[in-house]
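Thanks for coming. I have one structure to go through today, so please have a look at it first.

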Amino acid sequence: MTVDAGQDLVSAIPAARGAAAPRPRLEPMLDLEWSQAIELPRFALPATRPGDLRQAWVHRAAEDAVLTLYHRAARSDEQLPAPWWLRAVASGRLESRALGFRIEDRVAQLLSRRPGWEFVPWAADGESGYWEFMPSERGRSGHSIPTTVLNTDRHDGWIDVLPAHSAGTPPPIAVAGVAGLRARLGEFEAVR
């Protein structure tokens with residue numbers, strides 16, 4: 001007895017696509033591409049100043065490539081996580097990434113020499129860290145959050161200070177650049 005097992009299956013198998021069939025088009029997922037662009041390498045060493053955090057693609061790639069990707073990604077997300085300097089360069093208010101790095105480094109030079117200031121590297125995604133004045137936390141004033149200095153693209157002085165506080169976050173104080181910060185440090189350090 002002979003049985004042809006494949007005879008009924010021929011009609012159930014679809015015919016192969018012809019050469020004219022369109023090929024699938026693969027595009028990178030923009031959100032994933034951007035998150036990888038700002039992600040620090042896993043082997044990153046502990047950071048004691050902003051320069052130690054400049055290891056992501058946005059810090060090393062050609063500035064025009066970084067701006068192109070940022071503009072593409074920002075079209076779909078107004079709150080895109082990005083370094084303050086990149087938002088400022090993309091808006092045309094800051095000349096270059098290198099100038100942003102210089103501003104961060106000058107703040108670091110100023111605050112790292114003064115007692116009580118500590119660099120905090122674990123800022124929001126893509127950000128460059130911030131500085132805290134530790135004597136303002138749990139001192140005589142009893143504040144639970146210390147005075148904080150951070151870079152910002154909110155204004156052209158590029159530096160904000162959040163006063164020491166315990167309850168809701170107070171509005172940031174806009175500081176007129178590193179010279180303005182230097183001039184007002186006594187005021188900011190007086191809260192203990």
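Predicted model: local features only at pLDDT ≥ 70, side-chain atom pairs only at ≥ 80, totals over all residues.

Residues are numbered from 1 along each chain as its sequence is written, and side-chain values use heavy atoms, with hydrogens and water left out.

Layout, then. The protein has six helices and five strands. Helices here are DSSP runs of H or I with at least four residues, strands are runs of E with at least two, and both are numbered from the N terminus. Reading from the N terminus, the order is α-α-α-α-α-β-β-β-β-β-α. Of the 192 residues, 38% count as buried. Buried means under 20% relative accessible area, exposed means over 50%, and partly exposed is in between, with a 1.4 Å probe and protein chains only. As for contacts, meaning heavy atoms within 4.5 Å, I take those between residues at least 6 apart in sequence: 43% of them join residues at least 24 apart.

Now the helices. H3 covers residues 63-74, which is 12 residues, and it reaches 16 Å from its first C-alpha to its last, close to the 16 Å expected. The expected span is 1.5 Å times one less than the number of residues. Which residues of H3 are buried? They are Val66, Leu67, Leu69, Tyr70 and Ala73. These residues cover an arc of only 165° around the axis, which puts them on the same side of H3. The arc is taken from the directions from the helix axis to the C-beta atoms.

H5 itself has 16 residues and spans 22 Å between its first and last C-alpha, close to the 22 Å expected. Its buried residues are Arg97, Gly100, Phe101, Ile103, Glu104, Val107, Ala108, Leu110 and Leu111.

Next, the pockets. On a 1 Å grid over the protein atoms alone, a pocket is an open set of points with protein on both sides within 12 Å along at least five of seven lines, and lining residues have an atom within 4 Å of a point. The largest pocket holds about 320 Å³ of space. Grid points are joined across faces, edges and corners, and the volume is the space filled by probe spheres set on the points. Its lining has 20 residues, with Tyr130, Leu150, Asn151, Thr152 and Leu162 nearest the centre. H4, strand E2 (130-133), strand E3 (147-151) and strand E4 (159-162) each supply at least two lining residues, and E3 gives the most, with three. By class, this lining has eight nonpolar, six polar and six charged residues. Ala, Val, Leu, Ile, Met, Phe, Trp, Tyr, Cys and Pro count as nonpolar, Asp, Glu, Lys and Arg as charged, and the others, Gly among them, as polar.

The second largest pocket has a volume of about 240 Å³. It is also lined by 20 residues, and Ile38, Leu40, Asp125, Gly126 and Glu127 are closest to its centre. The elements giving two or more residues to this lining are H1 and H2. The class count here is 11 nonpolar, four polar and five charged.

Last, some single residues. Leu150 lies in E3 and is partly exposed, at 27% relative accessibility. Not counting residues up to four places away in sequence, Leu150 touches Tyr130, Trp158, Ile159, Asp160 and Leu162.

Trp158 sits in the loop between E3 and E4. Is Trp158 buried or exposed? It is buried, with a relative accessible area of 8%. Trp158 also has a positive phi of about 65° although it is not a glycine. In general, most residues other than glycine have a negative phi.

Glu132, in E2, is buried at 16% relative accessible area. Leaving aside neighbours within four places, Glu132 contacts Gly116, Trp117, Glu118, Val120, Pro146, Thr147 and Thr148.

His165 lies in the loop between E4 and strand E5 (173-175). His165 is buried too, at 9%, and beyond four places in sequence it touches His143, Ser144, Ile145 and Pro170.

How values were computed:
1 Å grid on protein atoms, 1.4 Å probe; cavity = no way out; pocket = protein on both sides within 12 Å on 5 of 7 lines; lining within 4 Å.
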